[in-house]
Amino acid sequence: MAGRGRAPRWVVGVLLAALTASAGCGGGSGTDSASGDVQRVLDTRAAAVRDGSEREFVATQAPATLAAGERAAARTEFRNLRGVPLADWTYRVTGLHRSGDRATADAELRYRIEGYDRAPIVTARTLSMARADGRWYVTADRPAKDSSQQLWEQGAVQAVRGEHSLVLGVGRPRDALRHYAELADRAVPAVREAWGEEWSRRVVVLVPKSLDGMAGLLGAPASGYRGIAAVTTGEAGGSAKAPADRIIVNPDAYGVLGAFGRQVVLTHETTHVATRASTSAATPLWLSEGYADWVGYRGTGRTAPQAAPELARAVAEGRVPDALPGDEDFGFGGDAGSLARAYEGGWLACRMIAERWGEVRLGEFYRAVGEREKRAGAVEAGLEEVLGTSLEEFTGLWRAYVRDRLG
């Protein structure tokens with residue numbers, strides 16, 4: 001299940017930082033000089049991360065003769081981060097709010113994971129600064145308001161590499177992380193077979209310790225993701241320059257799934273990674289989520305009633321849906337049964353296209369809809385151009401298909 005259709009939180013954070021960049025105190029030469037000094041400290045801090053130098057990193061936190069607690073915190077932060085295979089790490093100061101020897105810096109943190117990110121992840125940070133012995137030091141480095149946590153802020157990161165995957169986890173046994181890598185390594189070829197080659201064919205999976213950890217990575221309340229096994233973050237319509245997506249696991253919900261369910265979930269989320277560049281604001285959730293489920297179940301031999309039990313129950317009670325699921329039906333915070341029926345309805349729509357028009361046409365239809373800039377008319381145009389049908393006729397066929405397969 002993927003959060004999409006709006007700018008990801010790290011993009012929102014960057015925009016907010018840019019809008020507030022002029023809000024620093026003063027604006028005279030004193031503030032300008034302090035901004036330059038703070039930028040140089042952060043440049044040193046970034047170089048320490050890139051070079052793997054704990055000593056240089058800790059030295060940016062506080063003078064050696066002062067603030068032992070802050071230096072200990074810096075060591076912990078550096079060691080938590082050490083397990084992440086970084087290709088790059090930089091800061092850019094966007095605003096400075098100074099009061100004497102204290103200051104708060106707004107900054108963009110940009111980083112890339114080696115072998116996976118073709119462009120940097122950008123996240124807004126707020127850094128508390130203190131001046132001592134004629135220079136500035138970092139006393140705290142935290143997410144900016146409305147920005148999400150990073151995995152290493154939750155504990156020491158362990159990395160497990162698979163053939164097509166990188167799994168980064170906190171507070172999880174290494175064997176458990178290896179299991180995630182094995183699932184992802186099976187998911188990537190399955191998605192490639194269904195969707196094609198035009199994507200990175202690699203995935204990054206983040207495994208926090210708990211649901212609360214997942215919520216922190218998403219910058220959202222935990223209550224909205226209870227029972228959701230995993231989500232994919234990323235930028236809809238992402239180009240080749242867009243950062244790689246992240247599959248974020250909810251270990252609480254994922255842990256109660258059986259082996260089959262775990263594989264379907266990872267394949268579903270990997271499909272979102274593959275289709276991201278062809279997914280836009282024009283793509284309805286019934287199509288993006290239905291297609292991801294179609295790939296997840298493809299070749300498993302599961303029957304429609306087995307894969308769509310909630311919708312099958314509704315059909316048995318005479319409640320065949322009148323229309324394809326709307327985006328509002330996919331809200332995580334709503335009724336669980338309604339959410340399940342929305343996913344199942346989208347899956348059956350994609351399954352019907354694959355059976356009636358062929359798997360190739362299903363992919364072409366997905367791409368055709370995503371090429372549109374606006375939602376209005378996008379599905380109708382894709383249906384006519386690729387499948388030679390209208391929305392009204394397609395909906396009637398889908399309703400009959402639902403009754404036939406689940407009745």
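Helix α12 is mostly covered, with 15 of its 21 residues buried. The model is predicted.

**Helix α12**

Helix α12 spans residues 336–356. From first C-alpha to last, α12 reaches 30 Å. That is close to the 30 Å expected at 1.5 Å a residue. Just after α12 comes Gly358, with a positive phi of about 105°.

**Helix α6**

Helix α6 covers residues 211–218. Seven of its eight residues are buried, so α6 is largely enclosed by the rest of the structure. The buried residues are Leu211, Gly213, Met214, Ala215, Gly216, Leu217 and Leu218. Gly219 follows α6 and has a positive phi, near 65°.

**Positive phi at glycines**

| Residue | Location | Phi |
|---|---|---|
| Gly100 | hairpin of β1 and β2 | near 65° |
| Gly219 | following α6 | near 65° |
| Gly358 | just after α12 | about 105° |

**Helices α8 and α9**

How do these two helices cross? Helix α8 (residues 259–275) and helix α9 (residues 285–297) have axes that come within 8 Å. The axes cross at roughly 130°. That angle makes α8 oblique to α9. The crossing is right-handed. On the α8 side, the contact is made by Phe260, Val264, Thr267, His268, Thr271, His272 and Thr275. On the α9 side, Ser288, Glu289, Tyr291, Ala292, Asp293, Val295, Gly296 and Tyr297 take part.

**Arg399**

Arg399 lies in helix α15, residues 391–406. Is Arg399 buried or partly exposed? Its relative accessible area is 23%, so Arg399 counts as partly exposed, since buried means under 20%. Leaving aside neighbours within four places in sequence, Arg399 is in contact with Val320, Pro321 and Asp322. Leu348 is 51 residues from Arg399 in sequence. In space, the two are 9.7 Å apart, C-alpha to C-alpha.

**The sheet**

Four strands form an open sheet in the order β1-β2-β3-β4, with antiparallel pairing. Strands β1 (86–99) and β4 (135–143) stand at the edges. Each has a single partner strand, so one side of each is left without a neighbour in the sheet. Neighbouring strands are turned by 30° against each other on average, direction ignored. Strands of a sheet pair through backbone hydrogen bonds, either parallel or antiparallel.

Strand β2 covers residues 102–113. Twelve bridges join β1 to β2, and the two run antiparallel. Thr90 has Arg110 of β2 as its bridge partner. Arg92 stands opposite Glu108, also in β2. The hairpin of β1 and β2 has two residues between the strands. In this hairpin, Gly100 takes a positive phi near 65°.

Strand β3 covers residues 121–132. Ten bridges pair β2 with β3 in the antiparallel sense. Among the paired residues, Ala105 has Leu127 of β3 as its bridge partner.

Terms used
Residues numbered from 1 in each chain as written. Predicted model: local features only at pLDDT ≥ 70, side-chain atom pairs only at ≥ 80, totals over all residues. Heavy atoms only, no water. Pairing = 2+ DSSP bridges. Axes fitted to C-alpha atoms, helices over the stretch in contact; angles between N-to-C directions. Buried < 20%, exposed > 50% of the residue type's maximum accessible area, 1.4 Å probe, protein only. Expected span 1.5 Å × (residues − 1). Contact = heavy atoms within 4.5 Å. Parallel < 35°, antiparallel > 145°, perpendicular 65-115°, else oblique. Left-handed = near helix turned anticlockwise from the far one by under 90°.
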